[in-house]
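Here's a quick tour of one structure, taken a piece at a time. Have the model open as you read.

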Amino acid sequence: MIFTVAVDGPAAAGKGTISKALARRFGLAHLDTGLLYRAVGARGGDPVAAARGLTPDDLARDDLRSLEAGQAASRVAAIPEVRAALIAFQQDFARREGGAVLDGRDIGTVICSKAEVKLFVTARPEIRAHRRWLELGGDEAQVLTEVIARDERDMNRADAPLKPAPDAVLIDTSDLTIEAAIARAADLVAARL
Ligand code: C5P
């Protein structure tokens with residue numbers, strides 16, 4: 001079975017949690033595509049060379065979750081040659097036998113424009129910043145500033161900007177429990193499987 005679920009949205013909206021839950025529930029493979037850009041940003045040096053030479057070891061670094069790694073990711077993610085170097089890996093992953101969930105910013109619009117299910121997961125910026133702050137600590141106002149700056153950069157870049165695919169289903173998690181958000185997403189997947 002080839003079956004792709006594309007989950008896009010801004011930082012800390014709940015994409016990762018929803019994607020992991022869908023993968024577990026339906027026995028699908030899961031790829032957090034943000035990790036690819038984080039790994040490229042964290043490697044330093046020439047980002048295009050880093051993207052072309054990315055190895056599984058790069059993805060296993062334990063400093064990739066920080067706010068700084070997120071900002072670095074979003075800067076290298078605006079470079080078209082970096083994005084181009086990462087397309088084949090993501091598309092191969094999406095077409096693997098048994099089905100896959102990919103979460104990111106451009107999965108439903110660019111990487112898997114024919115995905116069977118497309119979700120756009122979002123939430124108000126203050127709520128997303130609060131969640132990120134609970135996870136990472138630091139100064140909450142600063143976290144909000146960084147989340148907004150990263151979203152702006154992701155939405156306004158020329159190549160594969162963050163936006164919902166025309167056929168994506170919107171899930172706003174601002175006022176939903178995580179269980180309710182997962183249930184909503186799972187119903188949409190179950191209806192297409
Ligand atoms: O999802 P995550 O916060 O790990 O993503 C880090 C950054 O990587 C995003 O802010 C975005 O700039 C970039 N990204 C992207 N396309 C994707 C996934 C992530 O441009 N499919």
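## Helix 8

In this predicted model, helix 8 buries Arg 128, Ala 129, Arg 131 and Arg 132. Look down the axis of helix 8 and those buried residues sit within an arc of 160°, so they line one face of the helix. What do the buried residues of helix 8 pack against? Their partner is helix 9.

As for its length, helix 8 runs for 12 residues and spans 16 Å from first C-alpha to last, close to the 16 Å expected at 1.5 Å a residue.

Arg 124 sits in the loop between strand 4 (117–122) and helix 8 (125–136). Arg 124 counts as partly exposed because it has 13 C-beta neighbours inside 10 Å.

## Around the ligand

The ligand has 15 residues around it, and Gly 34, Tyr 37, Ser 74, Ala 77 and Gly 104 come nearest. Helix 2 (34–43), helix 5 (67–76) and helix 9 (140–156) each give two or more residues to this shell. By class, the shell splits into five nonpolar, five polar and five charged residues.

## The annotated domain

An unreviewed UniProt entry annotates residues 5–40 and 61–189 as "domain: Cytidylate kinase". Residues 5–40 are 53% helix and 22% strand, with end C-alpha atoms 24 Å apart. For residues 61–189, the figures are 55% helix and 12% strand, with the end C-alpha atoms 31 Å apart.

How values were computed:
Residues numbered from 1 in each chain as written. Predicted model: local features only at pLDDT ≥ 70, side-chain atom pairs only at ≥ 80, totals over all residues. Near = placed C-beta within 6 Å. Helix = DSSP H or I, 4+ residues; strand = E, 2+ residues; numbered from the N terminus. Nonpolar A, V, L, I, M, F, W, Y, C, P; charged D, E, K, R; others polar. UniProt positions renumbered as here; feature names shortened; annotations may be inferred. Buried ≥ 20, exposed ≤ 12 C-beta atoms within 10 Å, placed from the backbone. Expected span 1.5 Å × (residues − 1). Arc of directions from axis to C-beta. Contact = placed C-beta atoms within 7 Å.
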